[in-house]
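User: Could you help me read this structure? I'd like to start with how accessible one of the side chains is.

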Amino acid sequence: MKKTRKPGGGRKKLKPEYDAGKNLKEQLDAAVALYDSEMSLQAVGEELGLNPIKVRKLLITAGVYESDVAEKVQDTFEEYRETQDYKTALLSTVAALDLSKASVTSYLPYQKGVYFPSTASKEKISVGAERQRRYRAMKWWKADSTEENFWSVVLAYAGVKFKTYSGLPFTYEIKKGKNGEYTKELWIDRREKSKSLAWSSVLLALKNIKGEVVDRPKALGDIRGVTYIYGMFYRFGLIDVPDEIKEKMGHPKDRKK
């Protein structure tokens with residue numbers, strides 16, 4: 001007689017303790033930590049026993065690696081992916097860029113487990129990924145200086161610590177309205193008090209930048225909240241400040257040469 005298969009039965013895993021997603025996540029975290037300490041891909045690979053290409057793919061998955069080639073491959077793939085399945089979009093990218101399939105694949109994030117897109121909340125991405133997100137936003141704005149792109153820069157820096165002309169630390173947050181869209185208002189957090197800063201004030205100060213070194217906040221205009229705007233612009237890398245003021249404000253951490 002034919003045996004009836006028990007519910008929930010099936011082939012047992014040879015290694016039930018093996019978790020591919022967990023292993024990938026552990027590798028990714030280790031690679032990001034080493035890369036953030038300014039180690040090269042080769043050095044990270046030697047430390048983890050991985051080849052540099054896999055290290056790069058891990059870092060791309062985490063959102064902390066960036067290059068012109070990687071950006072071109074990912075942008076091209078995403079365009080095709082809007083209308084094609086994964087495999088077809090991959091082959092279309094290969095043909096469009098005249099690259100090998102292996103090369104294109106190496107510049108794309110892993111499909112499962114740990115990839116967080118650019119829309120993911122900050123709580124779900126690494127510090128390195130946050131820094132890359134800010135850098136990319138600024139790069140886009142410098143390439144195309146529209147108000148929309150500058151707003152993306154301001155959004156990317158929400159929650160980051162700044163310092164005023166006199167060295168007082170502050171951060172800002174941007175809240176969402178009932179419709180789920182961000183309001184065009186920055187809430188400056190100064191210890192126990194919060195002050196609002198209008199987006200129009202930020203844009204006005206932006207237009208008033210004249211020269212690389214801006215001696216003091218008022219040089220950006222008689223604008224409400226300009227003290228905070230001055231600190232923001234310095235960290236954004238839009239202005240420089242006198243050497244004696246740099247000791248109070250520190251040095252911008254997100255600039256890349």
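User: So, is Asp68 buried or exposed?

Analyst: Asp68 counts as exposed, because its relative accessibility is 60%; buried means under 20% relative accessible area, exposed over 50% and partly exposed in between, with a 1.4 Å probe and protein chains only. Keep in mind that this is a predicted model, where local features need pLDDT of at least 70 and side-chain atom pairs count only at pLDDT 80 or more, while totals for chains, interfaces and linings use all residues. Residues are numbered from 1 along each chain as its sequence is written, and side-chain values use heavy atoms, leaving out hydrogens and water.

User: Which side chain does Asp68 meet in a salt bridge?

Analyst: Asp68 meets Lys139, at 3.7 Å from N to O, where a salt bridge is a side-chain nitrogen of Lys or Arg within 4 Å of a carboxyl oxygen of Asp or Glu. Lys139 is partly exposed, with a relative accessible area of 29%.

User: How many salt bridges does the structure hold?

Analyst: The structure holds six salt bridges, and one of them joins Lys246 to Asp243, with the closest N and O atoms 3.7 Å apart. Lys246 counts as buried at 18% relative accessibility, whereas Asp243 is exposed at 58%.

User: Which residues are joined into one network?

Analyst: Asp68, Glu71 and Lys139 are, through salt bridges that share partners.

User: And what about Asp222, which partner does it have?

Analyst: Asp222 forms a salt bridge with Lys218, their closest N and O atoms lying 3.0 Å apart, and both Asp222 and Lys218 are exposed.
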